[in-house]
Amino acid sequence: MFLLSLGFCQPAGHLSRVETEQARDLIRQHGCGSCHVVPDMPAPQGNTGPSLADQGRKAYVAGVLPNTPTMLAAFIHDPKRMNPPTAMPDLGVTTTNAQLIAAYLLDRGGAP
Ligand code: HEC
C-alpha cells in the first residue's frame with residue numbers, strides 16, 4: 001500500500017517494478033487486452049475499444065473526462081457512472097486496483 005501511494009503520487013515513468021508487475025497482473029485478470037491494445041503488454045490486443053498505447057497523451061478519457069489520474073481511475077472503476085452512454089463494461093475493478101491500472105496506463109501509455 002505504501003508502494004502504491006508512492007507510485008501513484010509521482011509523475012509518469014516512476015512506477016516501481018513491483019507496481020508495474022501488479023498492474024499487469026490486474027490488466028490480465030480483468031481481460032482488458034481482449035478489447036484494447038495495452039502498452040508494453042503481449043497479446044491479446046483487442047480492437048473493440050480504443051488503443052490504450054497512447055493513453056498518457058490523451059486530453060480526455062472516453063472523450064468526456066479530463067485525463068487525470070483520478071478521472072482515469074474513476075472511469076476504469078465505474079465506466080457507466082463516469083460516462084453513462086459508454087460501451088465500456090463495468091468489470092468490477094476495485095478503486096485501489098483501478099488507481100494502479102490508471103497509473104500504469106499513464107506511466108506506459110506514451111506512444112505517439
Ligand atoms: C468488452 C470490451 C472491453 C473490455 C474488456 C475493456 N474495455 Fe475499456 N473500453 C471499451 C470500449 C468499447 C471503450 C470506448 C468507450 C468510451 O470511450 O466511452 C473503452 C474505453 C476505455 C478507456 C477510455 C479510452 C480513451 O480513449 O479515452 C479506457 C482508459 C479503458 N477503456 C480502459 C480499460 C481497462 C483498464 C480495462 C480492463 C480493466 C478495459 N478497458 C476493459 C471496451 C472494453
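In this predicted model, a polar side-chain atom of His-36 lies 2.8 Å from a nitrogen atom of the ligand. His-36 also takes part in the metal site: its NE2 atom and the SD atom of Met-88 coordinate the iron atom of the ligand at 2.0 Å. The site has six donor atoms, the angles among them run from 89 to 178 degrees, and its geometry is octahedral. The two residues belong to distant parts of the chain, 52 residues apart. His-36 sits in the loop between α2 (17–29) and β1 (60–61), while Met-88 sits in the loop between α4 (79–82) and α5 (95–108). Both His-36 and Met-88 are buried.

**Around the ligand**

There are 26 residues around the ligand, and those that come nearest are Cys-32, Cys-35, His-36, Thr-86 and Met-88.

| Residue | Ligand atom | Distance |
|---|---|---|
| His-36 | nitrogen | 2.8 Å |
| Lys-58 | oxygen | 2.7 Å |
| Thr-86 | oxygen | 2.4 Å |

Two of the nearest residues are cysteines, Cys-32 and Cys-35. How many disulfides does the model contain? The count is zero, as no pair of cysteine sulfur atoms lies within 2.5 Å. Why is Cys-32 classed as buried? Its relative accessibility is 17%, and buried means under 20%, so Cys-32 falls in that class. Cys-35 has a relative accessible area of 27%, which lies between the limits of 20% and 50%, so Cys-35 is partly exposed.

**Overall fold and core**

The protein has five helices and two strands. Along the sequence they follow the pattern α-α-β-β-α-α-α. The protein has 112 residues, of which 39% count as buried.

The largest nonpolar core holds 25 residues. Ile-27, Val-38, Leu-72, Ile-76, Ile-101, Tyr-104 and Leu-105 have the most contacts inside this core. Helices α2, α3 (69–77) and α5 each supply at least two of its residues. Which element gives the largest share of this core? That is α5, with eight residues.

Is Asp-40 buried or partly exposed? With a relative accessible area of 47%, Asp-40 is partly exposed, because this value lies between 20% and 50%.

Pro-44 is also placed in the loop between α2 and β1. A cis peptide bond, with omega about 0 degrees, joins Ala-43 and Pro-44.

Ala-62 is in the loop between β1 and β2. Phi of Ala-62 is near 55 degrees, a positive value in a residue other than glycine. The relative accessible area of Ala-62 is 42%, so Ala-62 is partly exposed.

Asn-67 is placed in the loop between β2 (65–66) and α3. With a relative accessibility of 14%, Asn-67 is under the 20% limit and therefore counts as buried. The C-alpha atoms of Asn-67 and Gln-55 are separated by 8.4 Å, and the two residues are twelve residues apart along the chain.

How values were computed:
Residues are numbered from 1 along each chain as its sequence is written. This is a predicted model: local features need pLDDT of at least 70, side-chain atom pairs count only at pLDDT 80 or more; totals for chains, interfaces and linings use all residues. Side-chain values use heavy atoms; hydrogens and water are left out. Buried means under 20% relative accessible area, exposed over 50%, partly exposed in between (1.4 Å probe, protein chains only). Donors are N, O and S atoms within 2.8 Å of the metal (3.2 Å for Na, K and Ca); water is not among the atoms, so sites may look incomplete. Four donors count as tetrahedral if all angles lie between 85 and 135 degrees; four count as square planar and six as octahedral if opposite donors are over 155 degrees apart and all others between 65 and 115; anything else is irregular. Helices (H or I, at least four residues) and strands (E, at least two) are DSSP runs, numbered from the N terminus. A residue is near a molecule or strand if one of its heavy atoms lies within 4 Å of it. A polar contact is a pair of N or O atoms within 3.5 Å; within protein, one must be able to donate a hydrogen and the other to accept it, and residues adjacent in sequence count only if both atoms are side-chain atoms. A nonpolar core is a set of buried Ala, Val, Leu, Ile, Met, Phe, Trp, Tyr and Cys residues joined through side-chain atoms within 4.5 Å.
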